[in-house]
Number of protein chains: 2
Amino acid sequence: MALDDLTTPALIVDSAALDRNLATMLGAWPDRTLRPHVKAHKTTGIARRQAALGHTGFTCATIREIEVMAAAGLGSDLLLANEVVDMRRLGRVVDSGARVTVAIDSEATLAAAVAGGVGEVLIDVNVGTPRCGCSPESAGRLADRARAAGLAVRGVMGYEGHVMFVDAERERKDQTDQAMGLLARAHADVGGEIRSGGGTGTWQTNREVTELQAGSYALMDTEYRKLENVPFEQAATVLATVISIGDGWAVADAGLKSFGMDHGNPGLPGMLVWYCSDEHVVFSAGDGSTLPAVGDRVRLEPAHIDPTCALHERMFVVDGDTVIDEWPVDMRGW
Amino acid sequence: MALDDLTTPALIVDSAALDRNLATMLGAWPDRTLRPHVKAHKTTGIARRQAALGHTGFTCATIREIEVMAAAGLGSDLLLANEVVDMRRLGRVVDSGARVTVAIDSEATLAAAVAGGVGEVLIDVNVGTPRCGCSPESAGRLADRARAAGLAVRGVMGYEGHVMFVDAERERKDQTDQAMGLLARAHADVGGEIRSGGGTGTWQTNREVTELQAGSYALMDTEYRKLENVPFEQAATVLATVISIGDGWAVADAGLKSFGMDHGNPGLPGMLVWYCSDEHVVFSAGDGSTLPAVGDRVRLEPAHIDPTCALHERMFVVDGDTVIDEWPVDMRGW
């Protein structure tokens, strides 16, 4: 099928660009030093390509992601890098033969792991992002209690989310080092082999983790592309059709239901995006560009890839203008 | 099932509040004077309640919405209030026995209606929102050409989107009148029985249309609730579980993949919402409130209901704390 035959809006993945992104990351983080985060794409079709390169351990954000990955045969080492209060569904995944490790940061989540039948945990440490994670000072004590309760503590994790979008690489490096210093302190108290953390934004500045939890590098978005030395390509775009031309603007049929909007409007090369409404994006021509005509196709660049993928039922994989595959976004929902 | 037994995050609809919202709107816009917009909820379960009150004509934003409504037996008078370049799928819906009217604003969309086999149209008029719609002066000419091409022109539509969130009702009324003046001018040239437009924000200020296209009134969101004299209740919330407590904040398990974010963070009564990440919302206690504990449930209020619904597979309908029904959000996707 040709790209032009697709109904719009449609989430498009450039197969070659995806492969180049995976290869670039593989060069820096080979084998099990990368634990790709599936929340960025929610698609086992992409996870299979990651696993084929040797990145066979995965990071997940939801129970659904764990379940679908395990059912797809990609469950050799799944980390739920998030706190969960009711782990019964996770225990059933363990019973099915997959390996599941879960983050805990409190007595309550420790108890949930025991009650749910998840035997392996990481101690989640707050390394400066005001979100989940126990304090670095309390991590060792929580690990002791976990082991006393019969859990295997594989190590620590700490996500330096507050560092991820610091533009200048030097400053990003300094802040990464501070955060990872906190994680190292906790790790010394906790023990275990794993020190997990990091993301696409700190893929070069964080060399302190034993495994990087990056996800966005595979498909990318305009927010990450702004950063210095984050060279991954835009592999995902949203194909839209121009449906109306106004007095100096054009309207295409992809809007708030096609794009995660927390990082702002999608990008459209050569054009100035004005705003999105539910099923519309409105834009004018940038300097030296001319507006398209009704019926023309445009390919918009998501500002935040993770919630963008969550809005689409499927991704169309293309080689140039030919659709070569179709992947369901099969880890959506909860 | 009890509310506490649901997996979180979960989109919750308060059945009684929904019914009160539908009744309030019915009082002002009885029978066919309301053409509820299904894009706000994307759920035939809600459309059935609207139809049962006599609101049997519906507004849609996508071909998928038209198809699903027709297949659900709700296709007696469906308006696709948006431009479409390829109408073949719509033609098949017409062939199936449903009544479909489509908006056109150009020669290209006129030709698409003819080619696709959609015999009834409205002329979409730009009434001040920079989006779709022909100019008021050109509407009559487009209608003439449509009739010459064999199409039935049922009238005009014009959406005063730029007026929808003007806070003060007096000012909203003035701007609505200006916009509807443009629509009336076009209508005089176009003819036909229908003058369609309006939304939840102009439910009282727009008395010029023959049918109001409101949708958000059924479930509501925090953005519409800010407006003067838009008295609909918050019928939809997202149930989340507190998974972690930090140093002065709490974290619950609903984030960017649970909420349309273009109007900002969701609300949480008594709490100050700091930010959302993919599967988290972080908040602190407001004055006089105390933070919940790990395992507690909270119910967040979407800032924009339309893209929020598009992120959820289903809605759980509750009577107090009892789940009495479950509705698939069956009009998602395209």
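Tutor: The buried residues of helix α6(A) pack against β4 (100-104), α5 (107-116), β5 (120-124), β6 (152-158) and α7 (169-190) of chain A. Here helices (H or I, at least four residues) and strands (E, at least two) are DSSP runs, numbered from the N terminus, and two residues are in contact if their C-beta atoms, placed from the backbone, lie within 7 Å. The model is a predicted one, in which local features need pLDDT of at least 70 and side-chain atom pairs count only at pLDDT 80 or more, whereas totals for chains, interfaces and linings use all residues. Residues are numbered from 1 along each chain as its sequence is written, while chains are lettered from A and ligands numbered from 1 in the order in which they are written.

Helix α6 of chain A comprises residues 139-148, and Ala139(A), Leu142(A), Ala143(A) and Ala146(A) are its buried positions (buried: 20 or more other C-beta atoms within 10 Å of the residue's own; exposed: 12 or fewer; partly exposed: in between; C-beta atoms are placed from the backbone). These four residues lie on the same side of α6(A), because they cover an arc of only 100 degrees around the axis, the arc being that of the directions from the helix axis to the C-beta atoms. After α6(A) comes Gly150(A), with a positive phi near 95 degrees.

Elsewhere in chain A, helices α3 (residues 63-71) and α4 (residues 88-95) pack with their axes 10 Å apart and at an angle of about 15 degrees; axes are lines fitted to C-alpha atoms, for helices over the stretch in contact, and angles run from 0 to 180 degrees between N-to-C directions. The two helices, α3(A) and α4(A), are therefore roughly parallel to each other (angles under 35 degrees count as roughly parallel, over 145 as roughly antiparallel, 65 to 115 as roughly perpendicular and the rest as oblique). Ile63(A), Ile66(A), Glu67(A) and Ala70(A) of α3(A) meet Arg89(A), Leu90(A) and Val93(A) of α4(A).

Chain A also touches chain B, each chain giving 43 residues to the contact. Elements that supply two or more residues on the chain B side are β9 (236-245), β11 (271-277), β12 (280-285) and α9 (305-309) of chain B. Of these, β9(B) provides the largest share, three residues.

In chain B, Ala111(B) belongs to helix α5 (residues 107-116). Ala111(B) is partly exposed, because 17 other C-beta atoms lie within 10 Å.
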